[in-house]
Amino acid sequence: MPKIIELSTERLRLRQWRASDAETFAQMSNDPRVMEYLLGPVDAAASLALQERIADLIAERGWGFWALELKETQQFIGFTGLSIPIPELPFSPCVEIGWRLAFDYWGKGYAGEAARAALDFGFNALQLDEIVSFTALPNLRSQAVMQKLGMQRDADTFFHPKVAKGHPLQEHCLYRLSKPLNAK
């Protein structure tokens, strides 16, 4: 079993999930604002199942979509990290970076701060040559984070294979970031 990696930034800690995160994560997962571009709110059981899958993947690999915690208060505020997405995506195999934060923590720079730590880990520790991110076309807020991270949008869009044909969130855009020349 690999060592579980934890990352730290000035304000944040990216760590393995805890049972105590479940209630806040369930509230996030049931918040229409948080879930607007993720096919809508889900119930507590579905939220817990996702939390357990994410934690299991971290336990297997040592890294993944880490629970995100404010250092100052130890408050769980969402997740940020790296994952290997489904193989049915047209650009797989790849490693993606993603985030999901509770609404009260939007607009404070937390997603970008945590994502930069995850990117550094991906390029330097995992020696990845490229990291991608993708979202539904209407999700301009996540696209803004991707752009601030220096990611470049592909000209072509794609239809996410897990989103129903004709659904308003089916069409997605893909952003890419290549390993910086100064990476270790």
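**Exercise 1.** Determine which residues isoleucine 86 is in contact with, leaving aside its neighbours within four places in sequence.

*Solution.* Contact means heavy atoms within 4.5 Å. By this criterion, isoleucine 86 is in contact with Ser92, His160, Pro161 and Lys162. The model is predicted: local features need pLDDT of at least 70, side-chain atom pairs count only at pLDDT 80 or more, and totals for chains, interfaces and linings use all residues. Residues are numbered from 1 along each chain as its sequence is written, and side-chain values use heavy atoms, with hydrogens and water left out.

**Exercise 2.** Locate isoleucine 86 and classify its accessibility.

*Solution.* Step 1: isoleucine 86 is in the loop between strand 4 (76-83) and strand 5 (96-101), strands being DSSP runs (E, at least two residues) and helices likewise (H or I, at least four), numbered from the N terminus. Step 2: buried means under 20% relative accessible area, exposed over 50%, and partly exposed in between (1.4 Å probe, protein chains only). Step 3: because its relative accessibility is 26%, isoleucine 86 counts as partly exposed.

**Exercise 3.** Describe the largest nonpolar core.

*Solution.* Step 1: a nonpolar core is a set of buried Ala, Val, Leu, Ile, Met, Phe, Trp, Tyr and Cys residues joined through side-chain atoms within 4.5 Å. Step 2: the largest one has 44 residues, of which Trp17, Trp66, Leu82, Ile97 and Trp99 touch the most other members. Step 3: helix 3 (residues 110-125) supplies the largest share of this core, 9 residues. Step 4: another core, of 7 residues, lies apart from it and includes Phe91, Val132, Phe134 and Leu174.
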